[in-house]
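The following report describes a predicted model. The sequence and the coordinates are shown first, and the description follows.

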Amino acid sequence: MKRALRAFFFFALLVLAWHAMVRTRVWNPLVFPPPLSVWQYLQGAVEDRTLFEAMWVTVKRLMLGYFIGVALGVPLGLLTSRSRVAEDTIGVLGLGLQTLPSVCWVPLALLWFGQTESAMQFVVIMGTVWSVQISTDNGVRNVPPIFARAAKTMGSRGAHTWLYVILPASLPFIVSGVKQGWAFAWRSLMAAEIYVTILTGAGLGQLLNYGRDQQAMDQVVGVMLVIVVIGLLADKILFSPWERFLHRRWGTTKA
Amino acid sequence: MAVADELGPVKPVKLAIRGVSKTFREGVVTTHALDDVNLDVDEGEFVCLVGPSGCGKSTLLAMIAGLEFPDKGTIVADGKPVISSGRDRMVMFQEAALFPWLSVMGNVLFGLKLKPGLKPKERVEVATFYLKLVGLERYMHSNIHELSGGMRQRVALARSLAPNPRVLLMDEPFAALDAMTREQLYGDLQTSWETRKKTIVFVTHNVREAACLGDRVVLFSPHPGRVREQFRIDLPRPRDINSPSLAGHATEITRALKAHRDTNGHAAE
């Protein structure tokens, strides 16, 4: 409670300072809009539903692409950790592609899928899959061999060992990879949405870009705030439970 | 299957190790870990294998467990050659090797879940029985990282005992613990051995520990690993590691250990 209050006062102070800077004309309101006009934009965008529609379009793209990326990345990581052939082929490919910002895939994705949801999802998947694959691979390699030996003497074999020993033992690595994958996916999607117009729906990136076209900085700042809030919520909803679990069980420090 | 059956006594295993040799090759280095080792372990006997590092005692233990296999020779448990690991032979390792993603209870249940014929409630009952035996029933919901080293090894003991194996194989299980905790665990182990009557093969490089726990102490020499001498320890149980009569046995074994090391031409460690 004390910590929540502290955070609340910090942000209240930040908004006040922002307001004061614009009010005293230190910042030109055309260059940096005051908090009140950002608030008015957000109110209006909620009322005419443009904001929710854009949020829905973006979150749907992100979630779908992200979960497909994780669903592909974890098994790929298990494969590359296990097979030398996969390590020398898919592993090297993954390492290379992970360094490529996935927004670079946009031109090809548009060519392959057109200005559609599939193109956006492809970009998100490419942002997620490799960092998940690499961290899963890394996690499996860091499992102390004694765990598998101990499990074997207790009668664990094959798929059971993978599911109940190797996978949970690599969980600290997998969680951090999945989180990094999330960050990559979120950034790629925003970049892609600002960069191209997708005909099947206007997401938050597009909304921000319209703001730029109309010189409406209140819209730009308003959408930026929404993007920040979604990022924070995703962190709390998707990753905090896992991190709490890791902290409780492993005794690792809280992230 | 009822819990009473599960907790009932099982017939301990008789082990026969015949002409076992094992060589490891890692790059250009060849280690002759074991050379023509012959050893019998009776039903319910507590045998300690001692020797300096490199004498292959842990390798022999892993072979009895079915985690490694001899190049030559056979290991026979109750007339059947060991071809894989099995629930009748449980291993307790030096580091606790407990699973950090599971609670204390979850760890003890791990092996029981792999044992067919038990209902979930019965498994919990069995696990609770063993946690009580090692004095940790209050900690069943604790996480592994919250326990001290000694408590972790007690959980590991409960985990190895829970599937009711017929042999317990222990690989320097107390080596990483402080002396006080170790002494306490000698007591715990002797009590659970008396109540649960199993064949135990215990690997250690601590001669006193071997003399305290074993009915018999088997002395190995290194490079290559061979059985050198055997000592029968006929002291009443439970034994205290600090008793003078035990010290006598330990001195005798230590003297033999040194003698063999000298004949092998290896510097004292």
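Which residue of β5(B) does V76(B) stand opposite? V76(B) stands opposite P81(B).

## Basis of the description

This is a predicted model, in which local features need pLDDT of at least 70 and side-chain atom pairs count only at pLDDT 80 or more, while totals for chains, interfaces and linings use all residues. Residues are numbered from 1 along each chain as its sequence is written, and chains are lettered from A and ligands numbered from 1 in the order in which they are written.

## The strands around β4 of chain B

Strand β4 (residues 72-77) of chain B is joined to strand β1 (residues 15-26) of chain B by 5 bridges, and these two strands run antiparallel. Strands here are DSSP runs of E with at least two residues, helices are runs of H or I with at least four, and both are numbered from the N terminus. Two strands pair if DSSP finds at least two bridges between them.

The pairing of β4(B) with strand β5 (residues 80-81) of chain B is antiparallel, over 2 bridges. These two strands form a hairpin with 2 residues between them, and D78(B) in the turn has a positive phi of about 50°.

## The six-stranded sheet of chain B

An open sheet of 6 strands in chain B has the order β6-β7-β8-β3-β9-β10, with mixed pairing. Its edge strands are β6 (89-92) and β10 (226-232) of chain B, each of which pairs on one side only. On average, neighbouring strands of this sheet are turned by 20° against each other, direction ignored. Axes are lines fitted to C-alpha atoms, for helices over the stretch in contact, and angles run from 0 to 180 degrees between N-to-C directions.

Strand β3 (residues 46-50) of chain B pairs with strand β8 (residues 199-204) of chain B in the parallel sense, over 5 bridges. There, L49(B) stands opposite V203(B) of β8(B). Helix α5 (residues 149-161) of chain B packs on the sheet and touches β6 and β7 (167-171) of chain B; the helix direction makes about 170° with that of β6(B). Two residues are in contact if their C-beta atoms, placed from the backbone, lie within 7 Å.

## The helices of chain A

Chain A has 11 helices and 0 strands. Its C-alpha atoms fill a box of roughly 70 × 50 × 30 Å, taken along the principal axes. Of the 255 residues of chain A, 36% count as buried; a residue is buried if 20 or more other C-beta atoms, placed from the backbone, lie within 10 Å of its own, exposed if 12 or fewer, and partly exposed in between. Among the contacts in chain A with a separation of 6 or more, 72% involve residues 24 or more positions apart.

A86(A) lies in helix α4 (residues 84-98) of chain A. A86(A) counts as partly exposed because it has 17 C-beta neighbours inside 10 Å. The C-alpha atoms of A86(A) and L233(A) are 36 Å apart in space, and the two residues are 147 residues apart in sequence.

## The interface between the chains

How many residues of chain A are in contact with chain B? The contact involves 16 residues of chain A and 18 residues of chain B. On the side of chain A that touches chain B, the elements giving two or more residues are α7 (145-153), α8 (158-169) and α11 (217-250) of chain A. The largest share, 6 residues, comes from α7(A).
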